[in-house]
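Here are my notes on this structure, as numbered points. Please read them beside the sequence and the coordinates.

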Amino acid sequence: MGGVIVVKPLNLSSGRGIFTFDPSTSNWDELESKLQGKEYLLEQRVELHPEIERLNPPSCQTIRVYTVVDANGNVSVIDAVIRVGGGDAIQDNFHAKGVVYPIDLKTGRISSAGKDLLNNEYLVHPSSGIFMPGYQIPNWNGVLDFAIRAASLNKAARFIGWDVAITPSGFEMIEGNYYVYCGLMQIFDKKGKYELIKSYK
């Protein structure tokens, strides 16, 4: 495994406990000692598309795409947001200094100011200084198609929040969340999404 490695504890959530390991500058024995007796997932760090990386270079920005499968097996995307890390955090997570921005499903553009966990609003991202409303997500139709194809692989999982990373050459699936945090969908219009999800019965 070459390049920087992302180390994720399996017993934590919300981006807690994640750290990176660089084999070129760090000692494998130290990492092995740190992980001894614990369960971790080791992943190669994803190279992001330049237009996504520039939003906050230390972190891996992902698109959270929410899909629903109806009773006839049809897959629909019902919402999407981009999670942008804050400061020097390597996570883009909402619970780790990240800011979440809503995406217009038709255009793939960020549609309004973002919000953090404390409900602060940001027209300009606090780390990069980039004005976010109107920002175009690259290869947007590809993002939607990628999530729909993923949801089609197991239609028994009817409601999933996919974390998609956009790379220079395509996409990487970071993870699919079956126990998905719906707050990222609800904080912008301040409406629950139960009726929307139920409509796909």
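1. Is Arg45 buried, partly exposed or exposed? Arg45 is partly exposed, because its relative accessible area is 38%. The classes are buried for under 20% relative accessible area, exposed for over 50% and partly exposed in between, with a 1.4 Å probe and protein chains only.

2. Some ground rules come first. This is a predicted model, in which local features need pLDDT of at least 70 and side-chain atom pairs count only at pLDDT 80 or more, whereas totals for chains, interfaces and linings use all residues. Residues are numbered from 1 along each chain as its sequence is written, and side-chain values use heavy atoms, with hydrogens and water left out.

3. As to the overall make-up, the protein has 5 helices and 10 strands. These are DSSP runs numbered from the N terminus: helices are H or I with at least four residues, strands E with at least two. The protein has 201 residues, of which 43% count as buried. Among contacts in the protein with a separation of 6 or more, 56% are between residues 24 or more positions apart. Contact here means heavy atoms within 4.5 Å.

4. Back to Arg45, which sits in the loop between strand S3 (40-44) and helix H2 (50-53). Leaving out residues up to four places away in sequence, Arg45 touches Val4, Val6, Pro57 and Pro58. Val7 is 38 residues from Arg45 along the chain, and their C-alpha atoms are separated by 9.5 Å.

5. The largest nonpolar core has 32 residues, and Ile63, Ile82, Ile137 and Trp140 touch the most other members. Such a core is a set of buried Ala, Val, Leu, Ile, Met, Phe, Trp, Tyr and Cys residues joined through side-chain atoms within 4.5 Å. Two or more residues come from each of S4, strand S5 (75-84), strand S6 (99-102), helix H3 (140-152) and S9. H3 gives the largest share, 7 residues. Apart from this core lies another of 9 residues, among them Val68, Val81, Val100 and Leu184.

6. Ile63 shows how this packing draws on separate parts of the sequence. Beyond its neighbours within four places, the contacts of Ile63 include Val81, Ile82, Ile137, Trp140, Val143, Trp162 and Ile166.

7. Trp140, Gly142, Val143, Leu144, Phe146, Ala147, Ala150 and Ala151 are buried in H3. The cover over the buried residues of H3 includes S4, S5, S9 and S10.

8. There are 2 aromatic pairs. Tyr66 and Phe159 are stacked, because their ring centres are 6.2 Å apart and their planes are at 20°. The rule takes rings of Phe, Tyr and Trp (its six-membered ring) with centres within 6.5 Å; planes under 30 degrees apart count as stacked, over 60 as edge-to-face and the rest as tilted. Tyr66 lies in strand S4 (residues 62-69) and Phe159 in strand S9 (residues 159-166), so the pair ties together parts that are 93 residues apart in sequence. Tyr66 is buried, with a relative accessible area of 0%.

9. Asn177 is in strand S10 (residues 171-177) and counts as buried because its relative accessibility is 17%. Its side chain makes a polar contact with that of Asp163 at 3.2 Å. The term covers a pair of N or O atoms within 3.5 Å; within protein, one must be able to donate a hydrogen and the other to accept it, and residues adjacent in sequence count only if both atoms are side-chain atoms. Beyond residues up to four places away, Asn177 touches Arg64, Phe159, Ile160, Gly161 and Asp163.

10. Two residues other than glycine are worth checking for positive phi. Asn119 has phi near 70° and lies in the loop between strand S7 (114-115) and strand S8 (121-122). Asn139 has phi near 55° and lies in the loop between S8 and H3.
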